[in-house]
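Load the model in your viewer and keep the sequence panel open. The stops below go from the whole chain to single residues.

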Amino acid sequence: METTIGKMIKALRMGRKKTLKQISEKTELSISFLSQVERGKSSITLESLKKISEALEVSPSYFFSEDSAHVKNSVRRKDERLLKKNNFPFLFEDLSGSLAMPGMEPILVTLLPHEDKGVPFVHKGQEFVYVLEGVLTLLLGEEEHDLHPGDSIHMESSTPHNWLNRTGERVRFLCVNAYR
């Protein structure tokens, strides 16, 4: 039986002895929304997943690994990468190795066509984005930028930001989060 992100969130939250109220306060997401996500009654946006991940002190890619056992070395070949497809308008592919408490987290993100929901959010550290395919719309503070293949940006994650795909084609980009 496949474990859903909601079940993983609940198991991690309970394992850390955190209440829905505590997670709600840290994420500014309602208790009812968090409960619905945990029970699989509501889908989750990338923005909400990042907020929940930060509140639970894990990387968002934690929820996309088939299990907690990663490839034993830090070199990852394409066929060894863990890709988890869900009923979400985005896909995460964890490109990190097996380092405990890494200082950075590289992920390959695919946004499906017309994924243009969400509002800017913040998290700890810095973020580097490099567009591989499609046109990525980046909301950054009060500004909006269209990034094309080969474009990149390095920013403080404390600046409100979000990624959108307003096109009819998929968007693929490399995102590296560095935590301080």
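Among contacts in the protein between residues at least 6 apart in sequence, what percentage join residues at least 24 apart? The value is 62%, where contact means heavy atoms within 4.5 Å.

This is a predicted model, in which local features need pLDDT of at least 70 and side-chain atom pairs count only at pLDDT 80 or more, while totals for chains, interfaces and linings use all residues. Residues are numbered from 1 along each chain as its sequence is written, and side-chain values use heavy atoms, with hydrogens and water left out.

**Whole chain**

Show the cartoon. There are 4 helices and 9 strands, and along the sequence they follow the pattern α-α-α-α-β-β-β-β-β-β-β-β-β. Helices (H or I, at least four residues) and strands (E, at least two) are DSSP runs, numbered from the N terminus.

Now colour by accessibility. Of the 180 residues, 44% count as buried; buried means under 20% relative accessible area, exposed over 50%, and partly exposed in between (1.4 Å probe, protein chains only). The protein exposes about 10,000 Å², and carbon and sulfur atoms supply 52% of that area. Accessible areas come from the Shrake-Rupley method with a 1.4 Å probe; for residues, only the protein chains shown count as cover.

**Helix H1**

Select residues 5-15, which form helix H1. Its buried residues are Ile-5, Gly-6, Met-8, Ile-9, Leu-12 and Arg-13. Looking down the axis of H1, these buried residues fall within an arc of 160 degrees, so they line one face of the helix. The arc is that of the directions from the helix axis to the C-beta atoms. An α-helix has 3.6 residues a turn, so residues three or four places apart point the same way.

Ala-11 and Gly-15 are exposed on the other side of H1. The buried residues of H1 pack against H2, H3 and H4.

Is Arg-13 buried or exposed? Arg-13 counts as buried because its relative accessibility is 9%. Leaving out residues up to four places away in sequence, Arg-13 touches Lys-18, Thr-19, Leu-20, Ile-23, Glu-38 and Leu-56.

**The loop to H2**

Move on to Lys-17, in the loop between H1 and H2. Phi of Lys-17 is near 55 degrees, a positive value in a residue other than glycine. Most residues other than glycine have a negative phi. Lys-17 counts as exposed, at 74% relative accessibility.

**Helix H2**

Select residues 20-27, helix H2, where Leu-20, Ile-23, Ser-24 and Thr-27 are buried. They cover an arc of only 105 degrees around the axis, so they sit on the same side of H2. Turn to the other side of H2 and you will find Lys-21, Glu-25 and Lys-26 exposed. Among the elements that cover the buried residues of H2 are H1, helix H3 (31-38) and H4.

Which residue follows H2 with a positive phi? Glu-28 does, with phi near 65 degrees. Glu-28 lies in the loop between H2 and H3 and is exposed, with a relative accessible area of 71%.

**Lys-124**

Jump to the loop between strand E3 (104-111) and strand E4 (126-133), and select Lys-124 there. Lys-124 counts as exposed, at 58% relative accessibility. Apart from its neighbours within four places in sequence, Lys-124 is in contact with Glu-54, Ser-157, Ala-178 and Tyr-179.

**The cavity**

How many cavities of 30 Å³ or more does the structure hold? It holds 1, and the largest cavity has a volume of about 40 Å³. On a 1 Å grid over the protein atoms alone, a cavity is a set of points where a 1.4 Å probe fits but cannot get out; lining residues have an atom within 4 Å of a point. Grid points are joined across faces, edges and corners, and a volume is the space filled by probe spheres set on the points.

Select the lining: Thr-45, Leu-46, Glu-47, Leu-111, Glu-115, Lys-117, Asn-162, Trp-163 and Leu-164. Helix H4 (46-55) and strand E8 (161-164) are the elements that give two or more residues to this lining. E8 gives the most, with 3 residues.

Finally, colour the lining by residue class: 4 are nonpolar, 2 polar and 3 charged. Ala, Val, Leu, Ile, Met, Phe, Trp, Tyr, Cys and Pro count as nonpolar, Asp, Glu, Lys and Arg as charged, and the others, Gly among them, as polar.

Technical notes. 1 Å grid on protein atoms, 1.4 Å probe; cavity = no way out; pocket = protein on both sides within 12 Å on 5 of 7 lines; lining within 4 Å.
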